[in-house]
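This report describes one protein chain for a reader who has not seen it before.

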Amino acid sequence: MARYRQLARLIRLFPLPFFVAKWLMLTALISVSVGSASAFFLVSLDWVTSWREANSWVIALLPVGGFLIGLLYHYVGSSVEGGNNLLLDNIHRPATRIRFRMAPLVLAGTLGTHLFGGSAGREGTALQMGGAIADQFTALFRLRPRDRRLVLIAGISAGFGAVFGTPLAGAVFGLEVFLIGRISYEAILPAFGAALGADYVTRWWQVGHTHYHIDTVPPLTPEYAFYAALAGVAFGGCAIVFGKLTHVTSLTFKRWIAFPPLRPLVGGAVVAGFVWVIGTTRYIGLGIPVIVQAFEQPLPPPDFAMKLLFTALTLGAGFKGGEVTPLFFMGATLGNALACWIPLPIALLAGMGFVAVFAGAANTPLACILMALELFGVACGPYVAIACIMAYLCSGHRGIYGSQVVGQSKHLFWGRQQGRKLSDL
């Protein structure tokens, strides 16, 4: 007892060293566990994608795969089905510890979605794996609720930074995603420590990431700034349409199909039917090859709309995965299409759309700007910033995460919505 009191006295006298030491230890544990899990996920995702492309007949089994994923979540994963929104809810109001089962369930569900040909991403999986793994340390070390918030933010930052290879964007994403218009600086050490550490661990496992290149960036002029803003408005509109269509699709499936496992079965049949009708697998999976092409050559203008439709159907029907990589696809191909009317280089417009549609859909403009700098280089910064800010403002209080809370309204006109969740608006 005497030693405990002496330690408590030392902590009160020198709080900063103990704070730093505690969080460096926790972020190290989170970095190793989440970074390793992300590496395994990325390698597995590459394998199932390659196998599907080499065996395209498996797309016919997408309804069966959807039914199995639906059964898995209905009977085993009902407590963690909230996914990303469950993580955000627990950051706002720490409640019951998130069960570890969220991590293997979302991993299996996402790999199944991609194996059979659904159109989804990987960010949702990374965030849920990161949050679920990190939250296990709250019980292990008996952390207080206010510390649990920081652990969840660190887990989200680690997952995002590791899966995309953008640790700075991952850290800021974790700090700004749950509260629109505000950043939680109290979590700045855990967020950056976990994101940087998890990215290092993923690279230590020799897991690489796709590289994109913007070869020409003209000097910013008032005319070009106007065009960048105009493109940002278009990217914000794309984000609105995607969020709305996904939401309406989800509500439609829930309204007409009472038994949840049947929703991805029906949705999978529709998606597989569309693939058969158009005769290409271009719009399923992650779509990384098409994103790379968007930086290099003109593409068919409908590409972004087709990816939007396929992804809204896949996720709205109840398949598992993320929205972000499909949003990258939509943004890059929409930017590519806008090059027909906007006098900016194709690669620059593709890069602007890559992050700006995501900024509008996730309400995370700072993270998206940093992501562009990490992926494309600093030269594109002014153009990307203009596009991301315009997309963020134009999307209003809408987004892909219903549990986001309006911390600071985007405009005084929407001031009455401050403090409310997007799902309640």
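How many of the 17 residues of helix α15 are buried? The model is predicted, and in it 16 of the 17 residues of α15 are buried, so this helix is largely enclosed by the rest of the structure. Helix α15 covers residues 346–362 and reaches 24 Å from its first C-alpha to its last, close to the 24 Å expected at 1.5 Å a residue. After α15 comes N363, which has a positive phi, near 55°.

**A pair of helices**

Helix α10 (residues 222–256) and helix α13 (residues 303–316) have axes that come within 8 Å and cross at roughly 35°. This crossing of α10 and α13 is right-handed. On the α10 side the contact is made by C238, V241, F242, L245, T246, T249, S250 and F253. On the α13 side the contact is made by F304, L308, L309, T311, A312, L313, L315 and G316. Sorted by class, the contact of α10 with α13 has 11 nonpolar residues, 5 polar residues and no charged residues.

**Two buried threonines**

T110 is found in helix α5 (residues 102–116), and T202 lies in helix α9 (residues 188–204). Why does T110 count as buried? T110 counts as buried because its relative accessibility is 0%, and buried means under 20%. T202 also counts as buried, because its relative accessibility is 0%. The table gives their contacts, leaving aside neighbours within four places in sequence.

| Residue | Relative accessibility | Contacts |
|---|---|---|
| T110 | 0% | F41, G121, T125, K320, G321 |
| T202 | 0% | G35, S38, A39, L42, A162, V207, H209 |

**The chain overall**

The secondary structure of the protein chain comes to 17 helices and 2 strands. The radius of gyration of the chain is 21 Å, close to the 22 Å that the globule rule gives for 425 residues, so the chain is as compact as a globular protein of that length. Taken along the principal axes, the C-alpha atoms of the chain fill a box of roughly 75 × 55 × 50 Å.

Of the 425 residues in the protein chain, 54% are buried. Among contacts in the chain with a separation of 6 or more, 76% are between residues 24 or more positions apart.

Methods. Residues are numbered from 1 along each chain as its sequence is written. This is a predicted model: local features need pLDDT of at least 70, side-chain atom pairs count only at pLDDT 80 or more; totals for chains, interfaces and linings use all residues. Side-chain values use heavy atoms; hydrogens and water are left out. Axes are lines fitted to C-alpha atoms, for helices over the stretch in contact, and angles run from 0 to 180 degrees between N-to-C directions. Helices (H or I, at least four residues) and strands (E, at least two) are DSSP runs, numbered from the N terminus. A crossing is left-handed if the near helix is turned anticlockwise from the far one by less than a right angle, and right-handed if clockwise. Contact means heavy atoms within 4.5 Å. Ala, Val, Leu, Ile, Met, Phe, Trp, Tyr, Cys and Pro count as nonpolar, Asp, Glu, Lys and Arg as charged, and the others, Gly among them, as polar. Buried means under 20% relative accessible area, exposed over 50%, partly exposed in between (1.4 Å probe, protein chains only). The expected span of a helix is 1.5 Å times one less than its number of residues. The radius of gyration is taken over C-alpha atoms; the globule rule is 2.2 Å times the number of residues to the power 0.38.
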